[in-house]
Structure formats: C-alpha cells, structure tokens
Amino acid sequence: VYVSLSISLSISMMSLKRSHLCFSIPEGNECIKAIAKSCGECIQVGAKCGWCMDPGFLKQGEATSTRCDELESLRKRGCSSTKVENPQGSQWILKNKAVTNRIKGAENLRAEDITQIQPQKLTLSLRLGEPQSFNLKFKRAEDYPIDLYYLMDLSYSMKDDLENVKNLGTQLMLEMSKITSDFRIGFGSFVEKKLLNPCTGDQNCTSPFSYKNLLTLTSNGQEFNTLVGQQQIDGNLDSPEGGFDAIMQVAVCGEHIGWRNVTRLLVFSTDAGFHFAGDGKLGGIVLPNDGKCHLENNMYTMSHYYDHPSIAHLVQKLSDNNIQTIFAVTEEFQPVYMELKNLIPKSAVGILSANSSNVINLIIDAYNSLSSEVILENSKLPEGVTIMYQSRCKNGVTGEGEMGRKCSDISIGDDVSFTIRITAKQCPKMGKPETIKIKPLGFNEEVEITLNFICECDCHKDGIENSDICHNGNGTYECGACRCNEGRIGRQCECSTNEVTIEDLDKSCRKDRGTDICSNNGDCVCGTCECKKRENPEERYSGMFCECDNFNCDRSNNKLCGGHGHCECRWCICDANWTGSACDCSLDTTTCLASNKQICNGRGTCECGTCKCTNPKFQGPSCEICPTCPGVCTEHKECVQCRAFGTGEKKDTCERDCSYFNLIKVKDRDKLPQPGQAFPLMHCKERDANDCWFYYTYAVNKKSEKEVHVVETLECPKGSDIIPIVGWRGGGHRADRPGFASHLEAAHDHP
C-alpha cells in the first residue's frame with residue numbers, strides 16, 4: 001500500500017523530521033513495521049523479531065530501527081548470531097508431587113496427603129507471541145473422602161418426603177461405605193423468606209424460614225436420623241421456594257457446615273421451583289445478595305435484608321468452594337432444574353419419587369455421574385493473556401477448544417492428561433508477575449502458575465546512562481545503540497530539536513542542488529538521511545543520500561544477479577567463478593572439456609561454460625560433431641536402414657545400437673530438408689542388399705540433437721532391369737561404391 005502524505009508541521013516538529021516523500025507501509029514483516037527504537041520495543045513486537053547489538057551493523061543511511069528484523073533477515077544482513085538479542089520463554093516446575101496410587105483398605109491417608117493433579121506449582125516466562133506449553137495429569141483416587149450435605153425443602157408439600165428422609169443417615173452411610181471409608185453427612189432445611197404463618201386450622205407447622213443449618217457434617221449416621229426425625233414441615237404462600245438463599249449460605253459458611261478439603265456434595269431436595277435475583281422486590285427487598293455468610297445460631301439472619309442470589313452468583317460461589325450439586329426434584333420440575341444444571345458446571349439432576357423413597361439410589365447414581373467427569377477451569381486471566389486446552393482421555397479420545405477442557409467416563413484409578421498452552425500478547429501495565437490458577441471443577445486441588453513477562457532485553461541491564469558514545473552524554477548506550485534523552489535526536493543523539501533549522505536539513509540531505517532530499521528514498525533526520533524501509537525485508541536503500549539499493553541490478557533467469565552474486569548500489573558483485581553484468585557467465589571450463597581432456601576438442605573457445613566452435617563445420621557441446629564431413633553417410637547407413645525399414649546388418653541390435661538420433665520419415669525426396677537452414681546438413685543416398693536405394697539427411701540441430709530425415713519408401717529396380725543390375729552389382733559394386741559415396745558426400749548440397 002502506498003500512501004502519499006503532505007504534512008504541514010511546525011518548525012520544531014520539522015526540525016525533528018522532514019520528508020516530502022511517498023512511503024510504503026509494510027504488510028508482511030511485523031518487525032520492520034514496528035519501527036522499534038530500542039531492543040525492548042523490538043522483542044515485544046513478536047517472537048520472530050530479534051535485535052542486532054553489533055555496533056557496526058548499520059550501513060550508512062540505515063535508521064536505528066533497522067536493527068529490529070526477522071532472525072533470518074538479520075543473519076543474511078551480516079549480524080552474527082552471538083550479536084542477536086532474541087530472548088526465549090522458559091518454564092520451571094516448582095512442585096511436582098506424583099498423583100496418589102491409593103488402594104481401598106490400605107493405610108489411611110489424610111485428605112491433604114492425597115494428590116489427584118500433577119504438577120501443583122510452576123513458573124512460566126513468556127515472550128510475547130511465543131506460547132509456553134505444559135502437561136497436566138489427573139488421576140481419580142480410590143477411597144477418596146466425601147462430605148455430603150443434604151439440604152431439604154420443608155414446605156408443607158414435602159411432608160411425606162420428610163418421613164422417608166428420617167432414616168437416610170444410616171442407610172446412606174451403609175451405601176457410601178462401598179465407595180469410601182471416610183464419609184460424613186450433614187443436614188439443613190429451607191422454605192422461604194420469613195412471612196406470617198400461612199398454615200391454617202389444626203395443621204402442625206411453623207412459620208417459614210429462609211435457611212437452617214440443622215446438623216454440621218458428621219460421620220454419625222444415627223445422629224442424622226435422630227435430628228431429622230425431630231423436624232416439622234413449614235408453610236409457604238407461593239409455589240417457588242427460597243432455596244437459592246440456602247445454597248448460598250451452605251457454599252460460603254464453610255466453618256459452620258464443617259466442609260473439609262475433600263469431595264463436597266450438596267444434595268438439594270425439593271418439589272417446587274425457585275426464587276432468584278429480583279424476586280425479593282415482591283417483599284420490598286431490593287439490596288442484591290452480598291454472597292457472604294450470615295448464620296447466627298445456625299439460622300440465616302439476613303433473608304429480610306438481601307434479595308435472592310442470581311444464578312451467576314451461585315455458580316461462582318459453588319465453584320470457588322469446590323461444591324458439586326445434586327438436584328433431587330420431582331418429575332414435574334425436572335425440566336426446570338435440567339435448564340439450571342446446564343448453567344451450573346459439575347451439577348446433576350435426579351427425579352425423586354413422590355415420597356423420596358428412591359433418594360439413596362438417586363444420590364449414588366448422581367455421584368457416579370459427577371465423579372466420572374473432570375472439567376478444568378482457570379481463574380481470571382491477566383489482560384492480553386490467552387489459554388488453550390487439549391485433552392487426552394480414555395481410549396485415545398482427544399479434544400480441543402472448549403472440549404479440550406474435559407474428559408468423561410473416568411473410572412477410579414484412570415489417568416487422563418491435558419496439554420495447556422499459555423500465550424501473552426502484551427506486557428502488563430505494571431510490569432509485575434501475575435498468578436493464575438487451574439483446577440478441576442468440584443475438586444479442592446489446583447495448579448498455581450506464576451507468569452513472568454519478558455518485556456526487556458538482557459543487554460538492557462548493561463546500558464550506560466549519559467554515555468559519551470551518545471554525543472557527550474545525551475543518551476543511554478544500550479544493546480549497541482543510543483536511546484536518546486528527551487529533546488535529542490539522531491543516531492548518536494547529536495541534535496537538539498531546538499537547534500536545527502529546515503534549511504540545514506535540506507542542504508545536508510541533498511546530494512547536490514538539483515536532486516531530491518535523500519534521493520526520494522528516505523527521510524531527513526537531524527541533517528542525516530535515514531533510508532526508507534521496503535516491504536520485502538531483504539530489499540534495502542543505503543548510502544549517504546539513500547542513493548543506493550540492493551534490488552535494482554541486472555537479472556538473469558528472473559533472478560537478481562543470476563543467483564550467483566549480490567547487488568550493491570545497483571551493481572552486481574559476482575561470486576567466485578562468475579562474471580557478467582548479471583553474474584550469468586560461468587568461468588568454470590569443466591563443462592567444455594571433451595573426452596580427450598581438451599577444451600572444445602581444440603576446435604573452439606569456452607565462453608560462459610559453453611563451447612564456441614571456431615570451425616563452422618563442427619558442432620556439439622565439445623565441437624565434436626561434423627555432420628558434413630566425409631564418411632558420415634556410411635557411418636550411419638546401417639542404423640538408418642534398421643530403424644526405417646527393419647533390415648540390414650544391425651536389425652537384431654537396432655534398439656541397442658541405433659537410438660542415438662531422432663528419426664523423422666517423409667513421403668518423398670522433395671520433403672527432405674534442404675540446404676540453407678540454420679545448421680549444417682548432409683544428404684545421403686545408400687543401397688541395400690536387394691539393390692534398393694534409400695535417401696536420407698543427417699544433421700545436428702541447435703539443441704545438439706542428432707536428426708535423420710528419411711524417405712519412407714525404397715526405390716527398387718523393376719522387370720528385366722533386375723538381371724543386369726544384379727550382374728553389375730556382382731562385378732563391380734564393391735569397387736565402384738566408395739567412389740560413388742564420395743561423390744555424394746562431396747555433392748551433399750544436391751539430393
């Protein structure tokens with residue numbers, strides 16, 4: 001894209017930089033496009049960019065920013081690899097405890113001593129645009145401890161369900177012992193935000209309440225049965241219940257509930273829908289739920305003050321506290337809770353029978369479903385950081401994108417792994433390390449990752465402030481170049497923006513009075529030409545006035561300098577053994593050597609690797625062929641005869657001995673090539689064993705290919721003439737024939 005700019009600037013700005021130019025905006029090379037003024041700026045452009053620290057790297061007219069280029073381009077321009085600043089990202093694993101191979105019945109382990117995810121802590125150093133990848137392993141441990149909290153709707157419609165739940169503790173303990181030897185159970189109930197007692201007549205119920213924590217998690221199943229047996233149902237005025245208030249308190253009141261850092265299950269049992277954020281307005285409550293614990297004497301005390309939580313708020317708190325939810329609901333409300341399940345990761349829905357008699361089987365089935373799936377989630381990423389997942393699950397199943405976060409159908413003891421790739425696109429504003437965490441949903445374990453960002457070059461640390469190299473201390477000399485102090489410009493910070501005039505700029509940036517500023521190939525900066533950059537990083541302008549370039553030289557075979565040299569200031573500098581304006585003439589004479597080791601058989605000169613025959617009678621790559629010399633017709637007779645007519649002495653070895661020329665058949669002698677064409681030609685007339693004549697021409701064309709044109713029919717004697725011809729042949733053919741052939745060869749211009 002070429003854009004013409006005409007910019008009017010103030011005198012102070014013009015002293016910084018003046019140009020009347022059209023310039024190209026590079027599209028392909030992001031390193032050049034960035035116009036980086038320092039090494040730090042350069043490496044932030046992308047992982048392909050490097051900075052040449054060699055003080056003598058820049059040619060006359062090249063700007064400091066041309067030190068920043070793609071690595072291969074820097075190499076081709078002569079920057080040694082030891083002088084290229086190109087920091088690479090890295091990683092260190094700080095905690096890498098192996099996953100636990102625990103067998104049920106073996107020695108008891110504390111929950112904190114069981115490891116299901118590996119590694120646990122690492123540090124990544126990120127170069128912008130260069131991803132860092134690591135593998136994460138997950139193994140579902142056997143006999144892993146479980147905490148289960150049963151949260152029950154005690155509205156009046158759940159009266160018969162309460163009767164069945166009263167024996168749930170011991171029964172569930174028995175069933176869960178088949179899964180884990182370390183199981184605890186707790187109980188809580190909910191109805192609705194507090195209103196007047198809705199029960200009428202002789203119904204035995206209490207006023208509604210939002211949430212009660214009735215039993216902290218315990219391993220005593222009988223205690224669960226006893227406490228639940230003491231509960232009574234409560235009343236409510238509308239069908240949806242206030243269960244969301246209760247779920248929020250169960251999630252955030254860990255000390256009251258007694259949650260351990262183990263598998264946490266919340267069973268939510270109801271036969272009704274739910275209230276959510278905004279419904280509190282029906283009771284005059286407008287303050288949004290604050291997501292904090294408000295239990296006093298195991299009662300939620302702020303239900304009259306805070307609205308119901310939103311679904312998104314619940315999702316966050318359940319995830320933060322590693323709680324997996326099982327919705328045990330009646331068939332009528334299953335569709336509603338299925339929709340809710342789709343919004344809450346690591347949750348399940350089971351259908352309660354009319355009186356909750358199937359609740360144990362429901363819980364077991366839901367637990368097996370939840371524990372057979374692992375889903376990774378990460379904490380909030382810093383700005384400019386992206387993360388990609390790739391899963392490798394059972395039976396060779398792989399996933400990428402969102403599907404790369406999960407593996408399903410995992411049994412106890414199964415190993416699955418994930419490749420996690422983290423990329424930084426920009427440096428943090430504060431320049432400090434950031435920390436992110438990755439964990440499997442519903443599990444208390446996580447991977448802690450510290451992110452360091454490579455935003456400066458190593459050579460920056462060795463910078464010399466106010467260096468004499470930078471014009472009497474007007475800049476910092478670092479990474480082979482001057483970084484000028486404010487108000488100073490030029491490659492060595494030699495100019496002040498307040499001291500340079502437009503006239504001085506013009507005068508010092510023109511080759512002579514009649515030429516353009518910087519030859520129209522650059523900008524005048526501080527009285528010095530800084531040449532434009534080309535879209536192609538291998539093409540450059542150079543010279544004091546940007547009058548030179550390395551791409552406008554002669555070409556051969558569509559290659560600059562024939563591919564055998566390089567272009568300097570519009571002249572080809574040829575490689576060894578090559579010459580010519582386009583370096584297309586080889587000085588190597590081995591291609592001209594004949595089989596006798598003479599150059600061109602001593603009959604010509606070798607020019608640009610090709611023989612130029614001095615005797616026009618000779619042809620071929622080594623001047624070895626003479627198509628018009630005596631004996632040519634006799635030499636090729638047998639091969640022409642066998643190939644054209646299938647006869648003669650070589651008919652049995654024709655394919656082997658006679659494939660050295662191209663054969664073209666013509667109908668009659670008038671169609672044979674005639675003298676006067678671009679290459680020498682020999683006309684031949686030969687007789688076979690039956691005294692039949694055949695006519696052909698022999699030549700070598702411009703491609704050094706041998707060509708034979710032959711009349712396709714033989715000319716044979718007829719009738720009585722045969723006898724005297726035969727007699728003549730017998731008496732004098734052998735003696736006369738050589739003379740006749742010589743006569744033909746000498747008269748080769750006449751057919």
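Colleague: Which residues of helix 7 (residues 221–229) are buried, and what does buried mean?

Modeller: The buried residues of helix 7 are G221, F224, N225, L227 and V228. Buried means a relative accessible area under 20%, exposed means over 50%, and partly exposed lies in between, with a 1.4 Å probe and protein chains only. Helices are DSSP runs of H or I with at least four residues, strands are runs of E with at least two, and both are numbered from the N terminus. This is a predicted model, in which local features need pLDDT of at least 70 and side-chain atom pairs count only at pLDDT 80 or more, while totals for chains, interfaces and linings use all residues. Residues are numbered from 1 along each chain as its sequence is written, and side-chain values use heavy atoms, with hydrogens and water left out.

Colleague: What covers the buried residues of helix 7?

Modeller: The cover includes helix 5 (159–165) and helix 6 (168–176), together with strand 10 (146–153), strand 11 (183–190) and strand 12 (212–218). Contact here means heavy atoms within 4.5 Å.

Colleague: How do you know that N220 caps helix 7?

Modeller: A side-chain oxygen of N220 lies 3.1 Å from the backbone nitrogen of Q222, at the N-terminal end of the helix. A polar contact is a pair of N or O atoms within 3.5 Å; within protein, one must be able to donate a hydrogen and the other to accept it, and residues adjacent in sequence count only if both atoms are side-chain atoms. The distance of 3.1 Å is therefore within the 3.5 Å limit.

Colleague: Why is the pair of F138 and F443 called edge-to-face?

Modeller: Rings of Phe, Tyr and Trp (its six-membered ring) pair if their centres lie within 6.5 Å; planes under 30 degrees apart count as stacked, over 60 as edge-to-face and the rest as tilted. The centres of F138 and F443 are 5.2 Å apart and their planes stand at 75°, so the pair is edge-to-face. F138 lies in strand 9 (residues 132–139), whereas F443 lies in the loop between strand 23 (434–440) and strand 24 (447–454), 305 residues apart. Both F138 and F443 are buried.

Colleague: What makes Y660 and F661 an aromatic pair, and is Y660 buried or partly exposed?

Modeller: Y660 and F661 are 5.0 Å apart centre to centre, with 80° between the planes, which makes them edge-to-face as well. Y660 has 33% relative accessibility and so counts as partly exposed, whereas F661, at 2%, is buried.

Colleague: What makes R534 a charge over the ring of F551?

Modeller: A charge sits over a ring if NZ of Lys or CZ of Arg is within 6 Å of the ring centre and within 35 degrees of the ring normal. R534 lies over the face of F551, at 4.2 Å from the ring centre, and R669 lies over the face of Y695, at 4.0 Å.

Colleague: How do you know that a disulfide joins C642 to C654?

Modeller: A disulfide is a pair of cysteine sulfur atoms within 2.5 Å, and the sulfur atoms of C642 and C654 are 2.1 Å apart. The torsion about their S-S bond is about 70°, so the disulfide is right-handed. C642 lies in helix 14 (residues 632–645) and C654 in helix 15 (residues 654–657), so the pair ties together parts 12 residues apart in sequence. Both cysteines, C642 and C654, are buried.

Colleague: How many disulfides does a search of the whole structure find?

Modeller: The search finds 25 disulfides, among them that of C509 and C524, whose sulfur atoms are 1.9 Å apart.
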